[in-house]
Amino acid sequence: MSHRKPVILVTGCSSGIGLALIQQLKERLDDYRVVATARTSSLPKIAKAGIAPSEDLRLRPLDVTSNEERTTLISEIERDWGGVDILINNAGISYRPVVEHPTEDDEQHQFSTNYHGPTHHIRLCLPEMRKQRAGRFTNVTSARRMMAMPTMGAYSASKFDLEGISEALYYEMRPWNIKVSLIQPGVVRSNSFKNVYVSEGARRAVEDSTTYANYYWHMGRFIAGLMNRSNATHERIAAKIVQVME
């Protein structure tokens, strides 16, 4: 790839690890071109953090569950910059129901974001990478992939799936010199526990103090306490992603 700067595409850049990653990558624009993405409604958060588009840094709207937006973005990158060389699948959401409570729509949303979105991006980027015989996929999963906990089954399952297909991809891509990496953050110091999705069944259980109410009450307090005390930060994890990438 000596004829051009490698192109990095990062999903989920409006907050957390993704935002910290873009703040670090914008200091490396002498060596890379970067496309930072977030849902349309979340893009202003990137600008508010002091990240402005430039010749080698693009901010683009992307809902990772939208096939139209995925396809449009990858086509633009291939047309203007020759394709994606490094894909960092960071976007993700978390539902917090016990196994009995999510609806089919809840589970579809969980897996569309955490599993189907990343895998579709990989498939769109692969043909150009194979032509170049070079590239890297970095998938941000979770320590919850290694240890499932009550009320986190759907989230853990989506990460289990992403890690499983990543391992298969690792072997499949070796003949083309395309690398596959997994980043498994544990508990990170943040307030993201306030942003989890709650199913209707979970909401009713808490309001009525029935069946699984104790699970939601105690697990919510437990996770919040861990995140408030954690030494891990978004910046440290972003630095690790950059280290692995380079």
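Let's start with what covers helix H1. The cover over its buried residues includes strand E1 (7–10), strand E2 (33–38), helix H2 (43–48), E4 and H8. Keep in mind that this is a predicted model.

How many of the 10 residues of H1 are buried? Eight are, so the helix is largely enclosed by the rest of the structure. Here is the list. Ile-17, Gly-18, Leu-19, Ala-20, Leu-21, Ile-22, Gln-24 and Leu-25 are the buried residues of H1.

Now take one of those covering elements, H8. H1 spans residues 16–25, and H8 spans residues 234–245. Their axes come within 8 Å. The crossing angle is roughly 60 degrees. H1 and H8 are therefore oblique to each other. The handedness of this crossing is right-handed.

Who touches whom? On the H1 side we have Gly-16, Ile-17, Ala-20, Leu-21, Gln-24 and Leu-25. On the H8 side, the partners are His-234, Glu-235, Ile-237, Ala-238, Ala-239, Ile-241, Val-242 and Met-245. By class, that contact has 10 nonpolar residues, three polar and one charged.

Asn-90 sits in the loop between strand E4 (86–89) and helix H4 (104–132). Is Asn-90 buried or exposed? Asn-90 is buried, at a relative accessible area of 12%. Beyond its neighbours within four places in sequence, Asn-90 contacts Thr-11, Gly-12, Ile-17, Gly-18 and Val-140. The Asn-90 side chain reaches the backbone oxygen of Gly-12 at 2.8 Å.

The loop between E4 and H4 also holds Ser-94. Ser-94 counts as buried too, at 14% relative accessibility. Its contacts, not counting residues up to four places away, are Gln-110, Tyr-155, Val-196 and Tyr-197.

Two of those names come back in the next helix pair, H4 and H5. Which way do these helices run relative to each other? They pack at an angle of about 15 degrees, with axes 7 Å apart. H4 and H5 are therefore roughly parallel. H4 passes H5 in a right-handed crossing.

By class, we have 12 nonpolar, four polar and three charged residues.

Next, the loops on either side of H5. Both hold a residue with a backbone angle to flag. Most residues other than glycine have a negative phi. Thr-151 is not a glycine, yet its phi is positive, about 70 degrees. Thr-151 is in the loop between strand E5 (135–140) and helix H5 (153–173). At 3% relative accessibility, Thr-151 counts as buried.

The other one is Asn-177. Phi of Asn-177 is near 60 degrees, again a positive value in a residue other than glycine. Asn-177 lies in the loop between H5 and strand E6 (178–183).

Leu-73 is buried, with a relative accessible area of 4%. Which residues does Leu-73 touch, not counting those up to four places away in sequence? They are Leu-9, Val-35, Thr-37, Arg-60 and Leu-62. How far is Leu-73 from Gly-16 in space? The C-alpha atoms are 22 Å apart, and the two residues are 57 apart in sequence.

Then Val-206, which is found in helix H6 (residues 200–208). Val-206 is partly exposed, with a relative accessible area of 46%. Setting aside neighbours within four places in sequence, Val-206 contacts Ala-213 and Tyr-216. Val-206 and Tyr-216 are 10 residues apart in sequence. From C-alpha to C-alpha, Val-206 and Tyr-216 are 7.1 Å apart in space.

To recap the helix pairs: H1 and H8 are oblique, whereas H4 and H5 are roughly parallel. H1 itself is largely enclosed, with eight of its 10 residues buried. That's it from me.

Terms used:
Residues are numbered from 1 along each chain as its sequence is written. This is a predicted model: local features need pLDDT of at least 70, side-chain atom pairs count only at pLDDT 80 or more; totals for chains, interfaces and linings use all residues. Side-chain values use heavy atoms; hydrogens and water are left out. Axes are lines fitted to C-alpha atoms, for helices over the stretch in contact, and angles run from 0 to 180 degrees between N-to-C directions. Helices (H or I, at least four residues) and strands (E, at least two) are DSSP runs, numbered from the N terminus. Angles under 35 degrees count as roughly parallel, over 145 as roughly antiparallel, 65 to 115 as roughly perpendicular and the rest as oblique. A crossing is left-handed if the near helix is turned anticlockwise from the far one by less than a right angle, and right-handed if clockwise. Contact means heavy atoms within 4.5 Å. Ala, Val, Leu, Ile, Met, Phe, Trp, Tyr, Cys and Pro count as nonpolar, Asp, Glu, Lys and Arg as charged, and the others, Gly among them, as polar. Buried means under 20% relative accessible area, exposed over 50%, partly exposed in between (1.4 Å probe, protein chains only). A polar contact is a pair of N or O atoms within 3.5 Å; within protein, one must be able to donate a hydrogen and the other to accept it, and residues adjacent in sequence count only if both atoms are side-chain atoms.
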